[in-house]
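Dear colleague,

I am passing on the structure below, together with some notes on what turned up when I went through it.

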Amino acid sequence: MSIVIGCDSFLALRNVQIGNLSRWLADTRINVWVDPKHLAGSFLAEPQNVALGCLEDFDVRNDRELNRLLLAGSHARKCYYDPATIWADFMYSSHRFNQRKRFRRATSISRAAGRMAGFWLAGAFGLARRWRKDFAAALRNHPVAEIYRQRLRHEGAEVVASFSPEGIREMILIEAANAAGIPTVVMIRSRDNIASKIPFLPFADAYLVWSEVLRDFLLYKYPEIPPDRVYVTGAPQFDHHLDPSYRLKREDLFARIGLDPSRPLILYTMATPTLVPHESAIAQHLADAAHAGLFAHRAQLLVRGHPRTFGSKIKSLQQEYSEARCYPSPTEAEYGGPEHEAQVVRHILEDEPVHLSLLACQDVQVNVCGTMTIDSAIFDKPTVNIFYDLLPGIPDALSVRRHFKRSDTKQMMSYGASRLAHTPAECVELINRYLENPSLDAEGRKRARSEDCGPLDGCAGLRTAQIIQKLRKQPSLASAV
């Protein structure tokens, strides 16, 4: 008998490893199925006591009718329940693909407004719920679902879990398990997953979320989900945050990143390259400021690449200084290419001690609007959020400011754990304020910890395992759509 866990995302396997599921589920075999591109790196990461395999290379976008049904259900739900977030996405798409074509851009925006109105009405009439059921039924009848059912029978699967439902492969795995009457679990790994990343949320016997805030948002956006199926577990990726034994010594960390351990550290954490294509200019301005001695107490800057870029040739800074470095160093591998994809999971899991050490040793965090704001609040470290562009002529639809229109970002900003920098000069000023007075906004950070993170006791992995164990002894309720 076994537990099968889907880990389609490059970040999902760390929840198995950091959450120590192989320990808490030691009485059964754990099969982790990953994106085929990530299998080699997952093996090299050496996750303990799990059997690695591949997800089926299913892509709903290759089936025109399935894709139409998916988009209809997804857009109806988002337009009705979270219109601000999806409208920002619609505007971004219209501007990005028609930057130099005003007429086509205006036409695209007009079409987007029409779609918005139509899908909002569909959501108001309950069609999002109906289309979710229709899409689930279509997945269960798909030939790939039959392949999964055969594989699950071969493995003796007692529970099937999705640890990255935002991926394109796990939706059919979970619905195949539902059709086979196997209990299912879906883990929501981040607030932005519900807001924009999950195109289809599979039916499941249990949904695992970080906190009550995330639970409330899930039930608001999916009112058809029975509340007793949603469990607050905390985040397994936070289980090591407050345990110093998982960190490097300060001297070892600073030797690795090439900076001075006796001086304060400003940590700039990058977004994924596709979200803020011009972000390196923002980071470079702060690197130049560090080199010019503009920060209090001779503070240094480290620009931290997004985990998605680890092991690729993407450079976070064009010019480094003794006071401003980037980490990790770029390689020769093309971003998104086969060599990079094969290794990215290994790089992320091996980097965990550096990640935790930087959170503990930083004096000020800087980012656009990333969840690292919440990670930093766990360590009671202040954050400055970027609300400006450095390159001229960037419209609002393509600006970093568009991210602050999203519901998940608004929730994060409501805690008062960070401050917005509206200009480059204000960014330097706010960093210096925090360097001079680290206790500034401590109450907001405390609120973020208590409301957004869920339990921070190092036992989120244990609670996840306990729910999986509970489901092993119960019949599936999600099999009926």
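The expected span is taken as 1.5 Å times one less than the number of residues, and helices (H or I, at least four residues) and strands (E, at least two) are DSSP runs numbered from the N terminus. This is a predicted model, in which local features need pLDDT of at least 70 and side-chain atom pairs count only at pLDDT 80 or more, while totals for chains, interfaces and linings use all residues. Residues are numbered from 1 along each chain as its sequence is written, and side-chain values use heavy atoms, with hydrogens and water left out.

The buried residues of H6 are Arg-105, Ser-108, Ala-112, Met-116, Phe-119, Ala-122 and Gly-123, where buried means under 20% relative accessible area, exposed over 50%, and partly exposed in between (1.4 Å probe, protein chains only). An α-helix has 3.6 residues a turn, so residues three or four places apart point the same way. The buried residues of H6 pack against helix H4 (64-81), helix H5 (83-96) and helix H7 (127-140). After H6 comes Gly-126, with a positive phi near 80°.

**Nonpolar cores**

A nonpolar core is here a set of buried Ala, Val, Leu, Ile, Met, Phe, Trp, Tyr and Cys residues joined through side-chain atoms within 4.5 Å. The largest such core has 66 residues, of which Tyr-268, Phe-295, Val-366 and Ile-431 touch the most other members. Once its neighbours within four places in sequence are set aside, Phe-295 is in contact with Ile-266, Leu-286, Ala-289, Ala-290, Val-428, Ile-431, Asn-432 and Leu-435, contact meaning heavy atoms within 4.5 Å. A second, separate core of 33 residues includes Ala-45, Ala-206, Ala-465 and Ile-468.

**Salt bridges**

With a salt bridge defined as a side-chain nitrogen of Lys or Arg within 4 Å of a carboxyl oxygen of Asp or Glu, a search of the whole structure finds 30 of them. One joins Arg-169 to Asp-35, the closest N and O atoms being 3.5 Å apart. This pair links distant parts of the chain, 134 residues apart, since Arg-169 lies in the loop between strand S4 (157-162) and helix H9 (170-179), and Asp-35 in the loop between strand S2 (29-34) and helix H3 (39-44). Arg-169 is buried at a relative accessible area of 8%, and Asp-35 likewise counts as buried, at 4%.

Asp-408 and Arg-406 form another salt bridge, with the closest N and O atoms 3.1 Å apart; Asp-408 is buried at 8% relative accessibility, and Arg-406 is buried at 12%. The side chains of Arg-463 and Asp-457 also meet in a salt bridge (2.9 Å, N to O), in which Arg-463 counts as buried at 19%, whereas Asp-457 is partly exposed at 45%. Salt bridges that share partners join Asp-8, Asp-35, Lys-37, Asp-57 and Arg-169 into one network.

**Cysteines**

Taking a disulfide as a pair of cysteine sulfur atoms within 2.5 Å, the count comes to zero. For Cys-7, the nearest cysteine sulfur is that of Cys-54, 12 Å away, and Cys-7 is buried, with a relative accessible area of 2%.

With best wishes
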